[in-house]
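Here is a short briefing on one protein chain. Have the sequence and the structure open as you read.

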Amino acid sequence: MVNKKSQIVVIGAGPAGCAAAIQLKRYGLEVILIDRDKIGGLVRNANFVENYLGFPKGISGVEFCYTLEEHLKHLEVETVKDEIVTLDWDKSQDEFIAKSKKNQYNCQYLVIATGTKPRRLNLKGEVELWKNGLLFYEPAKMLEKLFFNKKIAIIGSGDAAFDYAINLANRDNHITIITRTKDYKSLPLLVKRATDNKFITIKPNQVIKEFSAKKEKEEIHPIVKTKSKDEIVSDFILVAVGR
């Protein structure tokens, strides 16, 4: 196990964690920024960031993450891709100990900026589809696979669901947004953009019952089954029902 020591360790490299690490570095403090994934966190999923000051014309989530990376590099903030699994306090040394499976980080101060996790539906068939790479909770994971011209069912009615739909539709994917009611929780401007997009269809008043799959021409297609006995067949499913 490799042992690293720093004045401050920041866990979580989303916008909040990056901002904390950058400001602490500007104070002349030793900082290590740790995240199990790429710099940017959940904002990487965003199709378009329009509510962050300094970008009046908006910026894509991926591009915004690049600006965070460049800012960290400019100030020479040490970043580490690692997953912390335990946190302890060593009274004898008066310091925190953060451990991953391979490394140990000792620090005087600890900042936790790990954000939130996508909520699961906990329905029959959900885990199986997720394990087989047919169901996702974040579009960034799907975009890494370079999906084009696929049928994707998105479950949810909030900003995330509609923004993700627009993002994936930009690659000529055919999107079906499945919502429980017609009272969408998303911002009206996102609903309008989705409604105006020829690649996006909205199916309201659908209560999900379970998930299943069927095999066609050597390919497995996931199915969303509703309580009204509808079956929505797609190539992939994206669950975006909050955090």
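E76 counts as exposed, at 63% relative accessibility. This residue is found in the loop between α2 and β3 (78-81). The model is predicted, and in it E76 has a positive phi of about 60° although it is not a glycine.

**A second residue with positive phi**

- N122 is a residue other than glycine, and its phi is positive, near 55°.
- N122 lies in the loop between β6 (103-112) and α3 (126-131).
- N122 is exposed, with a relative accessible area of 68%.

**The chain as a whole**

- The secondary structure of the protein chain comes to six helices and 14 strands.
- Along its principal axes, the C-alpha trace spans about 60 × 40 × 35 Å.
- The protein chain has 243 residues, and 44% of them count as buried.
- Take the contacts in the chain with a separation of 6 or more: residues 24 or more positions apart account for 58% of them.

- How many of the eleven residues of helix α5 (residues 159-169) are buried? Nine are, so the helix is largely enclosed by the rest of the structure.
- The buried residues in α5 are A161, F162, D163, Y164, A165, I166, N167, L168 and A169.
- These buried residues pack against helices α4 (139-143) and α6 (188-196).
- They also pack against strands β8 (151-155), β9 (174-178), β10 (200-203) and β14 (236-239).

**A165, a residue of α5**

- A165 lies in helix α5.
- A165 is buried, with a relative accessible area of 0%.
- Which residues does A165 contact, leaving aside its neighbours within four places in sequence? They are I154, I175, I177 and I200.
- A165 and E83 are 82 residues apart in sequence. In space they are 29 Å apart, C-alpha to C-alpha.

**How α5 meets α6**

- Two packed helices are described by the angle between their axes and the distance between the axes.
- The axes of α5 and α6 come within 9 Å and cross at roughly 35°.
- α5 passes α6 in a left-handed crossing.
- From α5, the residues in this contact are D159, F162, D163 and I166. They meet L190, V191, R193 and A194 in α6.
- By class, the contact of α5 with α6 has five nonpolar, no polar and three charged residues.

**How α1 meets α2**

- The axes of helix α1 (residues 15-26) and helix α2 (residues 61-74) come within 10 Å and cross at roughly 20°.
- Angles under 35 degrees count as roughly parallel, so that crossing makes α1 roughly parallel to α2.
- α1 passes α2 in a left-handed crossing.
- Which residues of α1 meet F64, L68, H71 and L72 in α2? They are P15, C18 and I22.
- The residues of the contact of α1 with α2 divide into six nonpolar, one polar and no charged.

**Cysteines**

- A disulfide is a covalent bond between the sulfur atoms of two cysteines.
- How many disulfides does the structure hold? The count is zero.
- The cut-off for a disulfide is a pair of cysteine sulfur atoms within 2.5 Å.
- C18 is buried, with a relative accessible area of 0%.
- C107 is in no disulfide. The nearest cysteine sulfur, that of C18, is 17 Å away.
- Is C107 buried or exposed? C107 is buried, with a relative accessible area of 1%.

**N106 in strand β6**

- N106 lies in strand β6.
- N106 counts as buried, at 8% relative accessibility.
- Not counting residues up to four places away in sequence, N106 touches N3, K4, K5 and S6, along with E95, F96 and I97.

Notes. Residues are numbered from 1 along each chain as its sequence is written. This is a predicted model: local features need pLDDT of at least 70, side-chain atom pairs count only at pLDDT 80 or more; totals for chains, interfaces and linings use all residues. Side-chain values use heavy atoms; hydrogens and water are left out. Axes are lines fitted to C-alpha atoms, for helices over the stretch in contact, and angles run from 0 to 180 degrees between N-to-C directions. Helices (H or I, at least four residues) and strands (E, at least two) are DSSP runs, numbered from the N terminus. Angles under 35 degrees count as roughly parallel, over 145 as roughly antiparallel, 65 to 115 as roughly perpendicular and the rest as oblique. A crossing is left-handed if the near helix is turned anticlockwise from the far one by less than a right angle, and right-handed if clockwise. Contact means heavy atoms within 4.5 Å. Ala, Val, Leu, Ile, Met, Phe, Trp, Tyr, Cys and Pro count as nonpolar, Asp, Glu, Lys and Arg as charged, and the others, Gly among them, as polar. Buried means under 20% relative accessible area, exposed over 50%, partly exposed in between (1.4 Å probe, protein chains only).
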